[in-house]
Amino acid sequence: MDLKPFLISLVRSILFTGFEFFECHTALFCCWPDVVVNCAALSVHRACEMDPAAAMSVNVPSSLVNWLSSLEESNYLLIHLSTDQVYEGVKSFYKEDDEVVPVNVYGKSKVAAEQFITEKCSNFAILRSSIIFGPQTISPVSKSLPIQWVDGVLSKGNTTEFFHDEFRCPVYVKDVIAIILALSKTWISEAKQRNLLLNVGGLDRVSRVQMAETVADIRGYNLSLIKSVSASSTLGISPISFRDGVRLTLEL
Ligand SMILES: NC(=O)c1ccc[n+]([C@@H]2O[C@H](COP(=O)([O-])OP(=O)(O)OC[C@H]3O[C@@H](n4cnc5c(N)ncnc54)[C@H](OP(=O)(O)O)[C@@H]3O)[C@@H](O)[C@H]2O)c1
């Protein structure tokens, strides 16, 4: 029996639904995986900040990697979902070889995961994804999804604050899947090992305000519901413009 189509579909199942590690183990133990896509994470920032040890324990896939390494005929590609939040976020258009400076526990745990995988695996692809958006899954996830959340608040006519100075490159979920499938198929057909680190973003760099405006435009909501605020306003700080800063610096 050719197991590869089964494995690809299993990979898709893992990607779409999320498996408990032990379910994954049970599903795979009868055959050697060609590709493993690790989507498991503690991804809610508040939960990570409240319990850094749990964030490290879930987000660094040590059990998974150690188990895969223990398989007798182990010859797999590990595709690991990381995040653009490994970067500090003080400039635009980060490159993969830019320094990682995570500013929160979630980002720190993802950097630790990347380091662990880089040290322990010989064949891997780490995808540093920006915000992933798309339709609700067949088995609905309980967490708030980004576009659906904006749609929800604006459809109720609630005036809502959005940051005009936080920029991301949101990527559609099926584009992420296309990358994962392309990597999987290439590994299965060519068997060429990779040590790949890839930023995964969509075509557009947009602020939170621009994301909300796009939803409002497509739905026909009133744009005045979108209140543009600075991310720093949550700390009660009002940064001055570059021009004003130059004036003050030159004492004019
Ligand atoms: N969504 C985004 O915008 C985005 C952006 C960049 C990177 N990422 C990364 O992409 C991956 C998937 O993101 P997501 O939004 O789908 O995350 P999510 O909604 O938080 O889902 C995480 C999955 O991990 C599972 N999980 C949690 N703890 C586990 C454990 N101890 N053992 C096994 N499974 C466990 C969860 O299962 P339960 O539901 O049963 O708890 C859930 O299926 C994550 O690695 C995330 O960091 C996501």
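Modeller: Of the 252 residues in the protein, 24% are buried. A residue is buried if 20 or more other C-beta atoms lie within 10 Å of its own, exposed if 12 or fewer, and partly exposed in between; C-beta atoms are placed from the backbone. This is a predicted model, in which local features need pLDDT of at least 70, side-chain atom pairs count only at pLDDT 80 or more, and totals for chains, interfaces and linings use all residues. Residues are numbered from 1 along each chain as its sequence is written.

The protein has 10 helices and 10 strands. Helices (H or I, at least four residues) and strands (E, at least two) are DSSP runs, numbered from the N terminus. Of the contacts with a separation of 6 or more, 78% join residues 24 or more positions apart. Two residues are in contact if their C-beta atoms, placed from the backbone, lie within 7 Å.

Four strands form an open sheet in the order 1-2-3-8, with parallel pairing. Two strands pair if DSSP finds at least two bridges between them. Strand 1 and strand 8 (195-200) are the edge strands, each pairing on one side only. From one strand to the next, the twist averages 15°. Axes are lines fitted to C-alpha atoms, for helices over the stretch in contact, and angles run from 0 to 180 degrees between N-to-C directions.

Follow the bridges across. Strand 1 and strand 2 run parallel and are joined by four bridges. Val35 has Leu77 of strand 2 as its bridge partner. Strand 2 and strand 3 also run parallel, joined by six bridges. Here Ile79 is partnered by Ala125 of strand 3, and Leu81 by Leu127 of strand 3.

Helices pack on this sheet. Helix 6 touches strand 2 and strand 3, and its direction makes about 160° with that of strand 2. Helix 8 touches strand 1, strand 2, strand 3 and strand 8, and its direction makes about 155° with that of strand 2.

How buried are the strands themselves? In strand 3, six of the six residues are buried, so it is largely enclosed by the rest of the structure. In a regular strand the side chains alternate between the two faces of the sheet. Strand 3 has both faces covered: Phe124, Ile126 and Arg128 are buried on one side, and Ala125, Leu127 and Ser129 on the other. Strand 1 is covered on both faces too, with Val35 and Val37 buried on one side and Val36 and Asn38 on the other.

Take Leu77: beyond its neighbours within four places in sequence, its contacts are Asp34, Val35, Asn123, Ala125, Leu183, Ser184 and Trp187.

Buried residues in helix 6 include Val105, Lys108, Val111, Ala113 and Ile117. Among the elements covering the buried residues of helix 6 are helix 3 (45-50), helix 4 (52-59), helix 5, strand 2 and strand 3.

Last, helix 9 (residues 208-219). Its buried residues are Arg208, Met211, Ala212 and Val215. Seen down the axis, they fall within an arc of 95°, so they line one face of helix 9. The arc is that of the directions from the helix axis to the C-beta atoms. An α-helix has 3.6 residues a turn, so residues three or four places apart point the same way. The cover over the buried residues of helix 9 includes helix 7 (146-155), strand 5 (160-163), strand 9 (206-207) and strand 10 (226-229). Gly220 follows helix 9, with a positive phi near 85°.
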